[in-house]
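Dear colleague,

I am passing on the structure below, together with some notes on what came out of going through it. Please read the notes with the model open beside them.

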Amino acid sequence: MHPMLNIAVKAARRAGTIINRASNNLDVLRVERKNHNDFVSEVDRAAEQAIVEVLLDAYPNHAILGEEGGARGDSEFQWIIDPLDGTTNFLHGFPQYAVSIALSHNGTITQGVIFDPVHNDLFTASRGAGAFLNDRRIRVSKRIQLADSLIGTGFPYSDFAHLDTYMSMFKDLLQRTAGLRRPGSAALDLAYVACGRFDGFWELGLNAWDIAAGVLMVQEAGGLVSDIEGNEHFLESGHVVAGSPRVFGQLLQALQPHLTDALKY
């Protein structure tokens with residue numbers, strides 16, 4: 001395992017311990033509303049602090065971009081952190097959430113960790129070295145038809161600017177696939193594409209920390225990733241499409257007729 005990936009795994013597991021401990025006492029957590037349907041708990045902040053401490057202890061000169069703490073530092077290396085992706089699920093005791101940590105080097109994602117503390121599933125990837133689930137090499141699914149595919153997605157929950165567009169996409173894909181699922185954690189959704197549990201995934205209006213690690217995971221597992229236009233601006237736009245090679249093309253083709261000017265990067 002790459003030394004930087006090893007440190008990220010250590011940080012993710014540290015955060016997972018905090019999250020698991022807190023999951024037994026959900027009724028006493030302090031929770032704040034950032035925006036409509038967008039919550040942050042003391043667990044999010046504690047988990048991010050633990051991650052940052054581990055990372056900066058090993059690499060004190062690296063920069064940080066965290067969901068809760070924002071951007072800090074100036075370096076060619078930047079850690080992109082979502083300490084608890086799926087906070088709403090967590091707060092309701094719905095067991096679908098994860099820690100996501102990615103490392104960007106000069107703008108290219110080179111390391112990724114997604115840790116599911118509920119099931120103790122550790123997804124890891126290093127650029128050029130493949131993707132793994134609990135030390136087992138993973139690959140995207142071998143399905144070749146969108147009609148046979150299970151597709152993950154994410155509903156708009158806070159910013160509803162693209163709601164009508166999304167609903168038209170959803171209606172269309174519902175009739176073209178074997179099924180759509182919305183578990184509520186984009187990081188895990190992308191990890192599920194990487195290991196073949198989903199054949200594809202799309203969502204609008206995400207942040208870099210939601211998808212940075214998962215995008216690398218899919219790519220290293222043999223999948224394809226783009227924005228809605230078919231370009232590589234997904235980290236900047238927050239609009240992402242991912243899937244196995246054959247399904248990806250069909251999914252993107254199905255989504256593009258719904259593309260609006262507001263979604264173009």
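**Strand β13 and its partners**

Strand β13 is joined to strand β15 (residues 240-243) by four bridges, and the two run antiparallel; within this pairing, G200 stands opposite G243 of β15. Please keep in mind throughout that this is a predicted model. Strand β11 (residues 150-153) is also joined to β13, here through three bridges and in a parallel arrangement, with T153 standing opposite W202 of β13. In a regular strand, side chains alternate between the two faces of the sheet.

**The open sheet and the helices across it**

Eight strands make up an open sheet with mixed pairing, and their order is β4-β3-β5-β6-β7-β8-β9-β10. The edges are taken by β4 (70-72) and β10 (136-137), each of which has a single partner strand, so that one side of each is left without a neighbour in the sheet. The link between strand β3 (residues 63-66) and β4 consists of three bridges and is antiparallel, and G66 has G70 of β4 as its bridge partner.

Two helices lie across strands of this sheet. Helix α2 (residues 42-58) lies across β3, β4, β5 (77-85) and β6 (98-105), and runs at about 150° to β5. Helix α5 (residues 186-194), for its part, lies across β5, β6, β7 (108-116) and β8 (121-126), running at about 100° to β7.

**Helices α4 and α8**

How do the axes of α4 and helix α8 (residues 245-255) cross? They come within 10 Å of each other and cross at roughly 130°, which makes α4 oblique to α8. The crossing in which α4 passes α8 is right-handed, and the contact is made by M169, D172 and L173 on the α4 side and by L251, A254 and L255 on the α8 side.

Leaving aside residues up to four places away in sequence, D172 touches A254 and H258.

How values were computed:
Residues numbered from 1 in each chain as written. Predicted model: local features only at pLDDT ≥ 70, side-chain atom pairs only at ≥ 80, totals over all residues. Heavy atoms only, no water. Pairing = 2+ DSSP bridges. Contact = heavy atoms within 4.5 Å. Axes fitted to C-alpha atoms, helices over the stretch in contact; angles between N-to-C directions. Parallel < 35°, antiparallel > 145°, perpendicular 65-115°, else oblique. Left-handed = near helix turned anticlockwise from the far one by under 90°.
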